[in-house]
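Biologist: Could you walk me through one part of this fold? I'd like to begin with how the strands pair.

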Amino acid sequence: MLKLLHDVRSDKMEQYVPDVYQESIFKINYNLLKSKGVKCLLFDLDNTIAPYNKKECMVEVKELFEKIKKEFDIFIFSNSPKCRVSKFANELGINYVANANKPSSTKFLKFLHQNKFNENEVAIIGDQIVTDIKGGNNVGIISILVNPISDYDPIWTKIGRLREKRIIKKLRKMDLFKGRFYDEKM
């Protein structure tokens, strides 16, 4: 069923619809993802696993990643520069892709090819519809939206958030975005 969602996303607005929407990375049903064949998780960094203005991971994030690293290949997949992303990746003991240029498909496709993953084996987890969700949907991987963990955003993200609010409003009118937390039937 999940792949069908990606196949029918020809409508312009549907490219912004997440497969899963959860409150935070701590509420995601990782067992369900594993049971559906997901092998790799790509986590956005800023406001998904760490506030944009913080320089180290919270203890709870470290504990979560230690737990899920046993079941999945985990990467930070971020538009942030290497100097920021590498610090968090090293702290968490995982790999990363910096300067990902989401929502562009280029680095997603390169990642899939280099790591020999099929699209249905990878999920992107992030807090922005216009970068994380659209980018994942563009290449057919599972897209998981979480709420931002901080209200602080740099100016370029604030601009994206304004656009995102308009998109969510349109999605709600089209009954494509439930507005509360849900796990899409995968």
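Modeller: Happy to! Strand E2 (residues 40–43) and E3 pair in the parallel sense over four bridges; strands are DSSP runs of E with at least two residues, helices are H or I runs of at least four, and both are numbered from the N terminus. Two strands pair if DSSP finds at least two bridges between them. This is a predicted model, where local features need pLDDT of at least 70 and side-chain atom pairs count only at pLDDT 80 or more, while totals for chains, interfaces and linings use all residues. Residues are numbered from 1 along each chain as its sequence is written, and side-chain values use heavy atoms, leaving out hydrogens and water.

Biologist: Which residue in E3 is the bridge partner of leucine 41?

Modeller: E2 and E3 run parallel, and the chain crosses between them through H3. In E3, leucine 41 has as its bridge partner isoleucine 74.

Biologist: What is the handedness of the β-α-β unit made by E3, H4 and E4?

Modeller: Point the strands away from you and follow the path from the first strand over the helix to the second: if that path runs clockwise, the crossover is right-handed. For E3, H4 and E4, the unit is right-handed.

Biologist: Which residue just after H4 takes a positive phi?

Modeller: H4 covers residues 82–92. Just after H4, a positive phi of about 70° is taken by glycine 93.

Note on methods
Buried means under 20% relative accessible area, exposed over 50%, partly exposed in between (1.4 Å probe, protein chains only).
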